[in-house]
Amino acid sequence: MQCAQYTAGRCRSCQWLDKPYPQQLADKQNHLENLLSDHRVTQWLSPVFGQESAFRNKAKMVVSGSVERPLLGMLHRDGTPVDLCECPLYPASFAPVFAVLKTFIARAGLTPYNVARKRGELKFLLLTESTYNGDLMLRFVLRSQTKLAQLQAALPWLQQQLPQLAVISANIQPVHMAILEGEQEIPLSKQQALPEIFNQVPLFIRPQSFFQTNPQVAASLYATAGQWVRELKIDSMWDLFCGVGGFGLHCADTETQLTGIEISAEAIACARQSADQLGLKNVTFAALDSTQFATAETQVPQLVLVNPPRRGIGAKLCEYLSQMAPQFILYSSCNAETMAKDISLLADYRIERVQLFDMFPHTAHYEVLTLLTLRP
């Protein structure tokens with residue numbers, strides 16, 4: 001992949017861009033195998049990968065510059081802006097959208113936030129594209145509601161220029177820190193869920209719900225989890241840290257008793273919408289803390305699927321899972337180092353299968369799916 005900003009030394013987010021892609025995959029696989037070297041793994045499966053460029057469905061753009069000449073991209077620690085509108089990680093459809101958005105910022109009078117001066121209103125633009133139908137979700141992250149009326153008044157022009165804009169909202173983030181979004185989300189369009197489809201499973205993305213940024217590899221990850229679970233022939237499972245329900249909905253059939261737990265109410269709303277569309281009657285999704293939910297339950301499912309944030313599931317949940325002793329644990333991780341620590345705490349389980357999914361080319365990051373079975 002060629003990147004002008006990387007070559008010029010202005011952006012180094014893709015730390016491994018100089019490394020040939022086959023070597024990137026080999027290094028990630030070696031890293032994972034070293035982390036699990038103290039455990040016997042019954043089956044190692046080959047890494048799954050997708051496109052090397054134009055794979056992202058989402059852009060998180062810092063807005064800087066002036067209202068007349070806004071810049072969309074990132075800021076270095078010293079405040080120097082870098083325009084990333086031509087970033088090769090984004091699909092080709094994004095660049096013309098960014099061009100329209102720059103014009104819109106000027107038309108709407110949305111002053112870019114100046115970090116050093118702590119002045120201005122528009123902090124970020126968050127753009128997400130559906131690979132299902134090409135529709136877009138656009139979120140304006142504002143310091144306050146001061147410019148909200150101006151933004152709303154100018155929206156008809158933007159929607160005329162970009163008819164694929166299906167979901168629009170404003171997020172209020174008043175804190176002077178590098179925090180991407182605040183708690184308050186203000187809908188600016190009637191539609192507030194972006195439809196997506198992976199492997200014939202309908203999924204939905206709402207403004208404050210997490211969704212994978214590499215749809216091609218994410219679809220393979222969900223499909224693989226579904227295949228592994230179907231081979232186990234289980235009829236009850238939990239999906240902890242379930243997000244919008246991607247894993248559980250790929251694993252469940254009409255007979256499966258599925259309980260999905262996620263702290264984000266927005267994500268749970270998406271999961272419920274998908275379950276309704278699939279006609280699944282034995283499925284429950286609830287907006288709760290996954291660890292608190294699990295440790296308060298007395299009924300033991302046959303399988304517990306966990307997909308935690310980078311911190312992992314932690315000692316408390318590992319201890320409880322060991323006491324509960326479900327027959328299977330399916331662990332999806334975006335941080336293999338914390339996953340390896342968690343597996344070490346699950347001493348009553350053996351590792352049946354491990355597979356790496358390269359969701360983040362040109363970086364050291366990757367996803368991994370691991371199936372654990374209770375020892376006899």
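Predicted model: local features only at pLDDT ≥ 70, side-chain atom pairs only at ≥ 80, totals over all residues.

Residues are numbered from 1 along each chain as its sequence is written, and side-chain values use heavy atoms, with hydrogens and water left out.

**Stop 1: helix α7**

Select residues 265–278, helix α7. Helices (H or I, at least four residues) and strands (E, at least two) are DSSP runs, numbered from the N terminus. Now pick Ala267, Ile268, Cys270, Ala271, Ser274 and Ala275, the buried residues of α7. Buried means under 20% relative accessible area, exposed over 50%, partly exposed in between (1.4 Å probe, protein chains only). Look down the axis: the buried residues fall within an arc of 155 degrees, so they line one face of α7. The arc is that of the directions from the helix axis to the C-beta atoms. Show β10 (201–205), α6 (246–251), β12 (257–262) and β13 (283–287); the buried residues of α7 pack against these. Contact means heavy atoms within 4.5 Å. On the other side, Ala265, Asp276 and Gln277 are exposed. Step just past α7 to glycine 279, with a positive phi of about 75 degrees.

**Stop 2: threonine 291**

Select threonine 291 in helix α8 (residues 290–296). Threonine 291 counts as buried because its relative accessibility is 15%.

**Stop 3: isoleucine 179**

Select isoleucine 179, in the loop between β7 (165–172) and β8 (184–187). At 34% relative accessibility, isoleucine 179 counts as partly exposed.

Technical notes. Expected span 1.5 Å × (residues − 1).
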